[in-house]
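Morning, everyone. I have one structure to walk through today, so please take a look at it first.

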Amino acid sequence: MMLMEYNELTTLFWDMTAALVGDMVRKPAAKYIRYKYPVDGKPDWRITDNIVFLNLSERADPYGQQNDSVYKTEGGTVIRRRGRTRVWDVLFTAYGPSAYEMVNKIRDDVFTEPVKAMLSKHAVFLIPDLPTCRQIPELYAGKWWARWDLTLHFNEWYESPPEDVGHVETVELTDGAVR
């Protein structure tokens, strides 16, 4: 399994989101499904537009603190392969008149077989804890913008590059038995 860089993982979740709610946003989808906020600090979309932002962050979780190592002899040396689980929070922040419908559709449809297949090809798996959608209206320029948030949790199997840990040339044994 190849390790995924952060940007590749973000792209995977963007693809998943586009597959689930791409028909609920205007085209081009890349303008209305995003993982970056506008740099000038104000909305660059209309209050009537449906838009989803993704925020991917690693989660502090005991399951993600275990490190598995396997040692194998290859070509006269010992190779260590290390793997661990990275636990991720994906925050979906939706704005617009269909904000609730979008986060609710993501919450429901993330359990479907096509999404499971898309994620599992990259060793990413949903933690099925089914959180609630949260309404968090936002005041901007004297208007309340409809906003709903949803955070889903995922496990990703992550492998570090193989490491040559060397080999033992000789071992000297002595009879040092203690009685």
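I'll go from the overall fold to the aromatic rings. One caution: this is a predicted model.

Let's start with the parts list. The protein has four helices and 10 strands. What order do they come in along the sequence? The pattern reads α-α-β-β-β-β-α-α-β-β-β-β-β-β. So is this a compact globule, or something more spread out? The radius of gyration is 23 Å. The globule rule gives 16 Å for 179 residues, and 23 Å is well over that, so the protein is more spread out than a compact globule. Now the dimensions. Along the principal axes, the C-alpha trace spans about 85 × 35 × 35 Å.

Next, burial and surface. Of the 179 residues, 37% count as buried.

Charges, quickly. There are 22 positive side chains and 26 negative ones. The centres of those two sets lie 8 Å apart.

How about contacts along the chain? Take contacts between residues at least 6 apart in sequence. Of those, 70% join residues at least 24 apart.

That brings me to the aromatics. How many aromatic pairs does the structure hold? Nine. I'll show you two of them.

Pair one is phenylalanine 13 with phenylalanine 154. The rings are tilted, with 55° between the planes. Centre to centre, they sit 4.7 Å apart. Phenylalanine 13 is in helix H1, residues 6–21, and phenylalanine 154 is in strand S9, residues 147–159. Those positions are 141 residues apart in sequence, so the pair ties together parts that are separated along the chain. Buried or exposed, then, for phenylalanine 13? Buried, because its relative accessibility is 1% and the cut-off for buried is under 20%. Phenylalanine 154 is also buried, at 0%.

Pair two is phenylalanine 53 with tyrosine 95. This one is edge-to-face, at 90° between the planes. The centres are 6.1 Å apart. Phenylalanine 53 belongs to strand S2, residues 51–58, and tyrosine 95 to strand S4, residues 77–95. The two residues are 42 apart, so again the pair links distant parts of the chain. Phenylalanine 53 is buried, with a relative accessible area of 1%. Tyrosine 95 counts as buried too, at 4%.

Finally, which residues do ring pairs link into a cluster? Tyr37, Trp45, Phe53, Tyr95, Tyr140 and Trp145.

Methods:
Residues are numbered from 1 along each chain as its sequence is written. This is a predicted model: local features need pLDDT of at least 70, side-chain atom pairs count only at pLDDT 80 or more; totals for chains, interfaces and linings use all residues. Side-chain values use heavy atoms; hydrogens and water are left out. The radius of gyration is taken over C-alpha atoms; the globule rule is 2.2 Å times the number of residues to the power 0.38. Buried means under 20% relative accessible area, exposed over 50%, partly exposed in between (1.4 Å probe, protein chains only). Contact means heavy atoms within 4.5 Å. Lys and Arg count as positive and Asp and Glu as negative; His and the chain ends are not counted. The place of a charge is taken as NZ of Lys, CZ of Arg, CG of Asp or CD of Glu. Rings of Phe, Tyr and Trp (its six-membered ring) pair if their centres lie within 6.5 Å; planes under 30 degrees apart count as stacked, over 60 as edge-to-face and the rest as tilted.
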